[in-house]
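Here is a short note for a colleague who is new to reading structures. Please keep the model open while going through the points.

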Amino acid sequence: LCLWFVFKQEVEKIRIKITSLGLTESRITSDETIQQLFVECRLNNFLAEETPLSLPKPTSGQRIHYNYSTVINVDKADNHAERQYLKSILLKPDLPADSLKFTVVSDPPEDEQDLECEDIGFAYVSLKEIFQKQRDIIEQDIDVFDSQDASAVIGKLTVTVEALQALRSVHEECRTE
């Protein structure tokens, strides 16, 4: 029974790790006002987790390392809305918002607190694709697209997204309802 309980708990979570960020030559690397960066992760409209630290912007060819992990709980008891969203991803093939969204945000320097945080780039991991391929994403580089020009890649974000077990659990639930 104890093993089942531990496994059940593992199934009801999506694990996310933001390892590092590297930028390519772009308007971001040459913009002097962009100095510190942090990363936010969001599942649909539910929850925004962000790296606790903003780190100095990397120079081209360098990477900054966040090594930040978080967990999104998707158990039936306490996270019904999140679970319904995962069901909708699996049941509605044309749902456009089927991804975890990572936002790279510029944090204003201490001495310029009148400046606002600014979204400078977005990266996505498709949960539907994880389920279709039956494979989690482990330490994989994903493209970061410029917030002002969605066709321009401004860097790479190394992430891990372990969602397959949770998606299988939700899928199983869909089949038995």
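1. Gln134 sits in the loop between α4 and β8. This is a predicted model, and in it Gln134 has a positive phi of about 55 degrees, although the residue is not a glycine. Most residues other than glycine have a negative phi. That is the reason to look at this loop on the screen.

2. Asn67 is placed in strand β5, which covers residues 63-73.

3. Next comes the largest pocket. Its volume is about 200 Å³. Which elements give two or more residues to its lining? They are β7 (118-126), α4 (127-133) and β8 (137-146). Among the lining residues are Tyr124, Val125, Ser126, Glu129, Ile130 and Lys133. Arg135, Asp136, Ile137, Gln140 and Ile142 also line this pocket. By type, the lining divides into 5 nonpolar, 2 polar and 4 charged residues.

4. Now turn to the helices α3 and α5. Helix α3 spans residues 80-91 and helix α5 spans residues 164-176. They pack at an angle of about 75 degrees, and their axes are 9 Å apart. Angles of 65 to 115 degrees count as roughly perpendicular, and α3 and α5 are therefore roughly perpendicular to each other.

5. Which residues of α3 and α5 meet? From α3 they are Arg83, Leu86, Lys87, Leu90 and Leu91. From α5 they are Leu167, Ser169, Val170, His171, Glu173 and Cys174. The residues of this contact divide into 6 nonpolar, 2 polar and 3 charged.

6. Besides meeting α5 as one of the α3 contact residues, Arg83 forms a salt bridge with Glu12. The closest N and O atoms of the pair are 2.8 Å apart. Side chains of opposite charge can pair when their charged atoms come close. A search of the whole structure finds 9 salt bridges.

Definitions and conventions
Residues are numbered from 1 along each chain as its sequence is written. This is a predicted model: local features need pLDDT of at least 70, side-chain atom pairs count only at pLDDT 80 or more; totals for chains, interfaces and linings use all residues. Side-chain values use heavy atoms; hydrogens and water are left out. Axes are lines fitted to C-alpha atoms, for helices over the stretch in contact, and angles run from 0 to 180 degrees between N-to-C directions. Helices (H or I, at least four residues) and strands (E, at least two) are DSSP runs, numbered from the N terminus. Angles under 35 degrees count as roughly parallel, over 145 as roughly antiparallel, 65 to 115 as roughly perpendicular and the rest as oblique. Contact means heavy atoms within 4.5 Å. Ala, Val, Leu, Ile, Met, Phe, Trp, Tyr, Cys and Pro count as nonpolar, Asp, Glu, Lys and Arg as charged, and the others, Gly among them, as polar. On a 1 Å grid over the protein atoms alone, a cavity is a set of points where a 1.4 Å probe fits but cannot get out, and a pocket is an open set with protein on both sides within 12 Å along at least five of seven lines; lining residues have an atom within 4 Å of a point. Grid points are joined across faces, edges and corners, and a volume is the space filled by probe spheres set on the points. A salt bridge is a side-chain nitrogen of Lys or Arg within 4 Å of a carboxyl oxygen of Asp or Glu.
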